[in-house]
Amino acid sequence: MDELAVEVEHLSFSYKENGPKVLDDISFSIKKGDYVALIGHNGSGKSTLARILAGLYTEIEPNSLLRIFNMSYDVENSSKIRGLIGIVFQNPDNQFVGSSVRDDIAFGLENRAIDPSKMDEIIEKSAKEVGMEEYLDQAPENLSGGQKQRVALAGVLALSPSLLLLDEATSMLDPKGKREILSLVKERKKENPDLTILSITHDVEEAAMADYVLVLSKGKIILEGTGEEVFSHEKELEEANLDAPFAYELGKALKARGISLSSSLEEDTLLEELCQYSSKK
Amino acid sequence: MSSITMGRYVPYRSPIHLLDPRTKLVCLVLLVVSVFLGYANYSTTFLMTGLSLLLVLVLFAMTRMSFLSLLKSLKSLWFMLIFLLLIYAITPRSDNLDWVAFFIYDYPIYWASILDALKILVRLMLMVALSLILTASTKPLDLTAGIEWYLSPIHFLGVNTAAWAMVLSLALRFIPTILEDVQRIMKAQSSRGVDFKRGKLTVRARALISLVVPLVVSSLVRSDELGDAMEGRGYDPRSKRTRYRKLTFHWGDLIALLLCAAFCALCITMSVTSFDPFLTWFGVTVR
C-alpha cells in the first residue's frame with residue numbers, strides 16, 4: 001500500500017457551534033507524491049479545508065479523522081505536522097511579511113529557528129528556484145502580483161515542505177503570472193517527485209494539470225477521480241457551477257465530428273495532437 | 001500621498017546606511033537634544049543653529065537622498081509657523097529685545113516674537129530632517145530590531161518584546177500597502193460620485209466616512225489573512241526564533257557615537273555656561 005500524505009475521514013466543520021456546516025462529512029485521501037487538485041465554486045468550503053489541513057483551524061468536529069503523514073493534529077504532533085506543510089495563499093500582499101524579498105524568505109527560516117549563518121544560502125537557492133534572485137533586496141511595493149506570489153512560493157519552498165498546499169494561489173494573478181506560478185510548481189514537482197501537492201482552485205484549467213481531481217460542492221465531495229473521469233460528469237459539474245476545461249470540451253466536440261484524439265485535458269498536448277493530425281492529413 | 005511615504009527607506013550603501021540602527025537611534029536622540037538647547041542670546045543661538053543646520057545638511061547629503069524630497073516633507077510645517085507666530089505674538093514679553101516690527105490694530109508685534117517663532121520652526125525642521133535621515137537610511141526591520149534591543153530589559157518583566165517588535169515592523173511593512181488601498185478606495189468612491197476635495201467641511205467629512213469604513217474593513221481582512229499566512233509559515237510569538245539580520249557594532253559606529261556625543265556635549269556646555277563666543281573672543285556685544 002502506498003504511503004498516504006493526507007487522510008481525511010468524516011470531516012465536518014462549522015465556524016459557529018451548531019451553525020451551518022461548511023464542510024459536511026468529507027472523506028478522501030491523498031497518496032504521497034501525488035498532485036491533486038481540489039476544485040469548487042466560491043463558498044464550497046475549499047479554503048476552509050485548506051486552512052484545516054494546514055492546522056490553522058483546529059476545532060474540527062469530534063468523530064472527524066484528519067491525519068497528515070500518519071500523524072493527527074494533537075498537542076505533540078501539531079508543530080511537527082506544520083513543519084511538513086507549506087501553504088501559499090491567494091492574496092500576494094497579505095502573505096508578504098518581510099520588508100524585502102530577502103527578509104520575507106528569511107521569515108519562515110527564522111520561525112523554524114534555523115541557524116542564521118545558513119540562511120543566506122537557502123534564501124539564494126530558493127529565490128533562484130522561482131527566478132527572483134535579482135530582486136532579493138526589492139521592497140514588496142516594487143513587485144508585481146506574480147512576482148510577490150513567486151516570493152511566497154520561494155518562502156514556502158525554502159522550508160522544504162513535504163506537502164505543498166496552494167490555496168487559490170493564482171486566482172488574483174494575470175494570465176502570465178498564473179502560467180509562471182503553475183510552471184514553477186510543475187518544475188518543483190519534476191525535481192522532487194516525493195513532493196505532494198494539493199492545489200485548491202476554482203480554475204478547471206489549473207485542475208487539469210493534476211493527477212487526481214476532487215470536486216467540492218456545498219461542503220461535500222461530489223466527484224473524484226482522474227481529470228478525464230471527473231470532467232465526463234457534466235451534470236454534476238454543472239450543479240457545482242463548474243465547467244470542463246476548454247481542451248476537454250474541444251476534444252469532445254471534435255470527437256463528435258469524427259476526429260478522435262486522445263482526450264487530453266491540457267491545451268498544449270491537444271495543440272500538438274491537432275498539428276500532427278493536420279500534417280497526417 | 002507622496003509626502004506621507006517620505007520617510008521610506010531608500011536603499012543605498014552610504015556610511016550612514018551601514019551604521020548599526022542602535023547607534024543611529026542614540027545619535028538621533030543626542031542630536032535632537034543638541035538642536036533643542038537654549039543659549040545665552042540670539043547671536044549664540046544663531047551661530048549654534050547654523051552649526052546644527054550645517055551638520056544636518058552634511059548628514060543628509062551623505063544619505064544621498066534628494067534635497068527636493070526634504071523640502072517637500074518640510075512643506076507641511078508652514079502651519080506650524082503660523083501657529084508659533086500666533087503663540088509668541090500673544091505672549092507678553094519681558095526681555096530686552098523690544099523692537100516693534102509692526103502693529104496690528106495698535107497691538108505691537110515684536111521682532112523677538114518673530115525670531116523666537118522662527119527659532120522653534122528651524123529646530124522642528126532640523127528634527128524632522130534628522131528623523132528622515134534615520135528612517136531613510138535604516139530598513140524598518142533593522143530599526144525595529146534596534147528598538148527591540150533597547151526594550152530588551154523589560155523582557156524580564158514578562159513583556160514579549162519580540163512580539164511587539166514584530167507588530168511594529170508589520171505596521172511599517174503595511175504602510176505602503178494600505179496607502180495603495182486608500183488610493184484605490186478613493187478612486188472607487190470618486191467614480192461613484194463622492195467628492196473628497198470640494199464642498200463644505202461637513203460634506204467632506206461625510207465623504208471621508210466612505211473612505212474610512214471600507215479601509216478599516218479591508219485592513220481587518222488583510223490582518224486576518226496575514227495572521228493565517230504567518231502561522232502557516234510557522235510563526236509562534238511564544239517560541240524561540242532565530243534572527244536573519246544580526247546587529248553588529250563596528251568601528252564606524254563608535255566614531256559616529258563619539259562625534260554625536262561631542263557635538264551634544266559642546267552644545268550643552270555652551271548652553272549651561274551661557275558662553276558667548278562673540279563677547280569672549282571678539283569683545284563684541286551682540287544681542
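## A tour of chains A and B

Start by selecting A:Phe69, a residue that is buried, with a relative accessible area of 12% (buried means under 20% relative accessible area, exposed over 50%, and partly exposed in between, with a 1.4 Å probe and protein chains only). You are looking at a predicted model, where local features need pLDDT of at least 70, side-chain atom pairs count only at pLDDT 80 or more, and totals for chains, interfaces and linings use all residues. Residues are numbered from 1 along each chain as its sequence is written, chains are lettered from A in the order in which they are written, and side-chain values use heavy atoms, with hydrogens and water left out.

**Stop 1: two loops**

A:Phe69 sits in the loop between strand 4 (65-68) and strand 5 (71-72) of chain A. Helices (H or I, at least four residues) and strands (E, at least two) are DSSP runs, numbered from the N terminus. The phi angle of A:Phe69 is near 50°, a positive value in a residue other than glycine.

Now select A:Ser160, in the loop between helix 5 (145-157) and strand 7 (163-167) of chain A. Is A:Ser160 buried or exposed? A:Ser160 is exposed, with a relative accessible area of 59%. Its phi is positive and near 35°, again in a residue other than glycine.

**Stop 2**

Leaving aside residues up to four places away in sequence, A:Leu237 touches A:Val215, A:Leu223, A:Val230, A:Phe231 and A:Leu242 (contact means heavy atoms within 4.5 Å).

**Stop 3: where the chains meet**

Show both chains. Chain A brings 37 residues to the contact and chain B brings 29. Between them, the chains bury about 2900 Å², 48% of it on carbon and sulfur atoms; buried area is the accessible area (1.4 Å probe) that two parts lose on being put together, summed over both. On the chain A side, select A:Asn94, A:Glu110 and A:Glu141, which lose the most area to chain B, together 21% of what that side buries.

Then find B:Arg173 and A:Asp93, whose side chains meet in a salt bridge (4.0 Å, N to O). A salt bridge is a side-chain nitrogen of Lys or Arg within 4 Å of a carboxyl oxygen of Asp or Glu, and the count between chain A and chain B is 6.
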